[in-house]
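Here is a short briefing on one protein model. Look over the sequence and the fold before reading on.

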Amino acid sequence: MSRPVTLPAMPSAATQYPKAVGALLPVFGKPSRVSPDATVPDTVLRVENIRVDRDRLLDYCHTTGCQYGAELPLTYLFVLQFPLAMELMVAGGFPFAAVGAVHAENRIERMRAIGVDEPLTITTHAENLREHRKGLLIDVISEFFVGRELVAVQTGTFLKQQRTSLSDTPRGPAPKETTPPPPDRILTVHLPLIRKYAAAAGDRNPIHMADLSAKMFGFPKAIAHGMWSAATAISNVEAQLPDAVVYNVRFGKPILLPAKVNLYTEKSGDGYTVSILNRRKGYPHLTGTLTPRT
């Protein structure tokens, strides 16, 4: 049975990041290895009457290329719920540490266009801890309401890397490294841009903020946010999307900064497929589909 908790306001990153770092400490932090049958907290966090900060939204649009107007960009829903998702993940009962977790997949289901001035209620909970060949996956699900009307559902799937019973199962064929075809667009991304995105999105994870802090978590350089890629990948087709739409995205190898990457956009039935590929070797940083919600 779920345990609803209504918060008076969105949680602050200033209180969340010390908890996130503390979860990494030996003895006092969370275990380095998590059982696949670990308990997932039944907490459902809720915040009512959320109003969009237009200045912050404008900064977000400047860094991603999304449209700034009377309606919320599709991927901005991730930003709005991110403080609640973090609040769940830094809580003591969450099975693994938030810092170091990999954002593996994301899904946004929008029932209709959402006005920038519409007050929102957001509820967030975690579920479905399960094994994966690379570790454990868990879904963090946020629902968006205008009054009692459900207008969108955002699902982030996060990976805790460790060995599991699936680790030794046969892998599929490794993607061939080949020079990719000419792109529809070349994206240029660098650390100053990503720092501006981090400020606008409220996601200052150290793996994105500096090379030194990224190296502490096993990356050779700072990396771009996956959701920066997800937003930028659809910025050219955003105006053509139906009001009711589903955006599924899978993140591949991280984009090491600075970088130039290839963006591909293809019409597929009533929707689109998008991908961001490495310019030299052709492996995917992101693959996604946009389909009308039926």
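**Salt bridges and their surroundings**

Arg3 and Asp42 form a salt bridge, with 3.9 Å between the closest N and O atoms. The term covers a side-chain nitrogen of Lys or Arg within 4 Å of a carboxyl oxygen of Asp or Glu. Arg3 sits in strand S1 (residues 3–6) and Asp42 in the loop between H1 and strand S2 (43–50), so the pair ties together parts that are 39 residues apart in sequence. Helices (H or I, at least four residues) and strands (E, at least two) are DSSP runs, numbered from the N terminus.

The model is predicted: local features need pLDDT of at least 70, side-chain atom pairs count only at pLDDT 80 or more, and totals for chains, interfaces and linings use all residues. Residues are numbered from 1 along each chain as its sequence is written, and side-chain values use heavy atoms, with hydrogens and water left out.

**More on salt bridges**

- The salt-bridge count comes to nine.
- Arg3 is partly exposed, at 46% relative accessible area. Here buried means under 20%, exposed means over 50%, and partly exposed lies in between (1.4 Å probe, protein chains only).
- Asp42 is also partly exposed, with a relative accessible area of 39%.
- Arg293 forms a salt bridge with Glu109, and their closest N and O atoms are 2.5 Å apart. This pair links distant parts of the chain, 184 residues apart: Arg293 is in the segment after strand S11 (284–292), and Glu109 is in strand S3 (residues 102–110).
- Arg293 is partly exposed at 34%, whereas Glu109 is buried at 17%.
- Arg163 forms a salt bridge with Asp168, with the closest N and O atoms 2.9 Å apart. Arg163 is partly exposed, at 49% relative accessibility. Asp168 counts as exposed, at 64%.
- A network of salt bridges links Arg112, Glu118 and Glu149.

**Surface charge**

- Lys134, Arg171, Lys253, Arg280 and Lys281 gather in a surface patch of positive charge.
- Patches are made of residues with over 30% relative accessible area and no salt bridge; like charges are joined within 9 Å, and nonpolar side chains (Val, Leu, Ile, Met, Phe, Trp, Tyr) within 5 Å.
- Lys and Arg count as positive and Asp and Glu as negative, while His and the chain ends are not counted.
- One of the patch residues, Arg171, lies in the loop between strand S6 (149–161) and strand S7 (185–189). Arg171 is exposed, with a relative accessible area of 65%.

- Pro18 is found in helix H1 (residues 13–22). Pro18 counts as exposed, at 53% relative accessibility.
- Pro18 and Val90 are 72 residues apart along the chain, and their C-alpha atoms are separated by 9.1 Å.
- Pro284 lies in strand S11. Pro284 counts as partly exposed, at 29% relative accessibility.
- Pro284 and Val261 are 23 residues apart along the chain, with 9.7 Å between their C-alpha atoms.

**Annotated domain**

- UniProt lists residues 191–270 as "domain: MaoC-like", in an unreviewed entry. Such annotations may be inferred rather than shown by experiment.
- Over residues 191–270, the chain is 35% helix and 21% strand. The end C-alpha atoms of this stretch are 36 Å apart.

Technical notes
Accessible areas come from the Shrake-Rupley method with a 1.4 Å probe; for residues, only the protein chains shown count as cover. The place of a charge is taken as NZ of Lys, CZ of Arg, CG of Asp or CD of Glu.
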